[in-house]
Amino acid sequence: MLVLGIESSCDETGVALYDTEHGLLAHQLHTQMAMHAEYGGVVPELASRDHIRRAIPLTEACLADAGKTLADLDAIAYTQGPGLGGALMVGASMANALAFGLNIPVIPVHHLEGHLLSPLLADPKPEFPFLALLVSGGHTQLMAVRGVGDYEILGETVDDAAGEAFDKTAKLLGLPYPGGPLLSKLAESGSPDRFTLPRPMLHSGNLDMSFSGLKTAVLTMTKQVEAEHGEIDEQTRMDICRAFQEAIVEVLVKKSLAAMKQAGMKRLVVAGGVGANKQLRAALNDAAALKRFEVFYPPLALCTDNGAMIAFAGAMRVKYAEQPGSFSIKPRWDLSSLPAV
Ligand code: KG4
Ligand code: ZN
């Protein structure tokens, strides 16, 4: 079965072809980062308009890469939510129009389920059940995953998501949008010993997390350093980035270990944009070697938003395929409300 996947929930247009027998055949991505950078964040109306411009050429490129035509498609999966309303409408209406014309079904996909299942596109891939650490721009959750659609949230952030904390902290350090990956790059050249930031909710006794205080702690630290030494130099900025990253990584690793213990799991799966973070991966790999558990990540290119995870999650959910035509989007949508497969 050949599934076309379309992702358009935020600032990336992703299209992919997943074959249930032969795996991922092709995927194409256009990121709007440069377009939004001028405004310091995502401008929803510009995002929608750009998805409209990109979606069809990306689909054509994808089909050409895989040596397929529209007539070869068996179903079209699209991100139904959560995300920006206008942006979601672009992918949803294109998927439905195309499927209507081709007389094939559509499969609405939950964006976070796409992230969550994306490590299954790696080799080796994890078996169910596993403990998932989902760390994206909008969500930070620890979940017991027992099968497709069987998700139990064990803990989550009570305020900012980890990716959001990276981006907001980067902004207040004067880094251009989107700051998360750049902050992380600077942290690589920072000293781990010069500054220490708090580890929020590390000893809260549950699996919840909080990251918004960390951003405020960075602001306070920056002001203190400026008051003592004048304008922040490059090395100091890198040292602050390092202290911030050390704090987030320690909290994510310790909470993941506690969640695995609580759920009795020996497999950890990391998904979402922050899963691309090198220091987080290194710390989790060390913990896995020490405590003898397995850890899995999506292929690096599939950590952030992409069409491959939507095509794949759609293929896992063919049972819920629908006739195209009347459709809705779900800008807000709780992952644990999904039916099991
Ligand atoms: O999963 P994703 O692509 O989008 C959402 O569904 O939210 O995640 C994007 C988030 C952004 O906040 C971005 O700053 C963060 O992932 N991110 C990173 C890194 N790469 C992306 N954060 C830390 N280190 C990275 N290397
Ligand atoms: Zn995402």
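Visitor: Just after helix H9, what phi does Arg292 take?
Guide: In this predicted model, Arg292 lies in the loop between H9 and S10 and is exposed, with a relative accessible area of 69%. Most residues other than glycine have a negative phi. Arg292 is not a glycine, yet its phi is positive, and the value just after H9 is about 55 degrees.

Visitor: How far does helix H9 reach from its first C-alpha to its last?
Guide: Helix H9 runs through residues 278-291 and has 14 residues. At 1.5 Å a residue, a span of 20 Å is expected for H9, and the model comes close to that. From first C-alpha to last, H9 reaches 20 Å.

Visitor: What covers the buried residues of H9?
Guide: The buried residues of H9 are Gln279, Leu280, Arg281, Leu284, Ala287 and Ala288. Their cover includes helix H8 (234-263), strand S9 (267-271) and strand S10 (294-296).

Visitor: Does Gln279 count as buried or exposed?
Guide: The cut-off for buried is under 20% relative accessible area, and Gln279 stands at 18% relative accessibility. Because that value falls under the cut-off, Gln279 counts as buried.

Visitor: With the side chain of which residue does the side chain of Gln279 make a polar contact?
Guide: Not counting residues up to four places away in sequence, Gln279 touches Arg242, Gln245, Glu246 and Val249. The polar contact, side chain to side chain at 3.1 Å, is with Glu246.

Visitor: At roughly what angle do the axes of helix H6 and H8 cross?
Guide: Two packed helices are described by the angle between their axes and the distance between the axes. For H6 (residues 179-188) and H8, the axes come within 7 Å and cross at roughly 105 degrees. That makes H6 roughly perpendicular to H8, since angles of 65 to 115 degrees count as such, and the crossing angle is roughly 105 degrees.

Visitor: How many nonpolar residues does the contact of H6 with H8 have?
Guide: On the H6 side the contact is made by Leu183, Ser184, Leu186, Ala187 and Glu188, and on the H8 side by Arg237, Met238, Cys241, Arg242, Phe244 and Gln245. Sorted by class, two of these residues are polar and three are charged, while the number of nonpolar residues is six.

Visitor: From a polar atom of the side chain of Gln235, which residue's backbone oxygen lies 3.2 Å away?
Guide: Gln235 is found in helix H8 and counts as partly exposed, at 37% relative accessibility. Leaving aside neighbours within four places in sequence, Gln235 is in contact with Ser189, Gly190, Ser191 and Arg194. The backbone oxygen 3.2 Å from the side chain of Gln235 belongs to Ser189.

Visitor: Near what omega is the peptide bond from Phe128 to Pro129?
Guide: Pro129 is found in the loop between helix H4 (111-117) and strand S6 (130-135). Most peptide bonds are trans. The bond from Phe128 to Pro129 is instead cis, with omega near -5 degrees.

Visitor: Which residue does a cis peptide bond join to Tyr177?
Guide: The omega of this bond is about -15 degrees. The residue in question is found in the loop between helix H5 (162-172) and H6, and the partner joined to Tyr177 is Pro178.

Visitor: What value is the phi of Met201 near?
Guide: Met201 is found in the loop between H6 and helix H7 (212-229), and is partly exposed, with a relative accessible area of 27%. Its phi is positive in a residue other than glycine, with a value near 55 degrees.

Visitor: How far apart in space are Gly83 and Lys330, C-alpha to C-alpha?
Guide: Gly83 lies in the loop between strand S4 (75-81) and helix H3 (85-102), and is partly exposed, with a relative accessible area of 29%. Leaving aside neighbours within four places in sequence, its contacts are Ser9, Leu88, Lys330 and Pro331. Although Gly83 and Lys330 are 247 residues apart in sequence, their C-alpha atoms are separated in space by 7.7 Å.

Conventions
Residues numbered from 1 in each chain as written. Chains lettered and ligands numbered in written order. Predicted model: local features only at pLDDT ≥ 70, side-chain atom pairs only at ≥ 80, totals over all residues. Heavy atoms only, no water. Helix = DSSP H or I, 4+ residues; strand = E, 2+ residues; numbered from the N terminus. Expected span 1.5 Å × (residues − 1). Buried < 20%, exposed > 50% of the residue type's maximum accessible area, 1.4 Å probe, protein only. Contact = heavy atoms within 4.5 Å. Axes fitted to C-alpha atoms, helices over the stretch in contact; angles between N-to-C directions. Parallel < 35°, antiparallel > 145°, perpendicular 65-115°, else oblique. Nonpolar A, V, L, I, M, F, W, Y, C, P; charged D, E, K, R; others polar. Polar contact = N/O pair within 3.5 Å; in protein donor to acceptor, adjacent residues only side chain to side chain.
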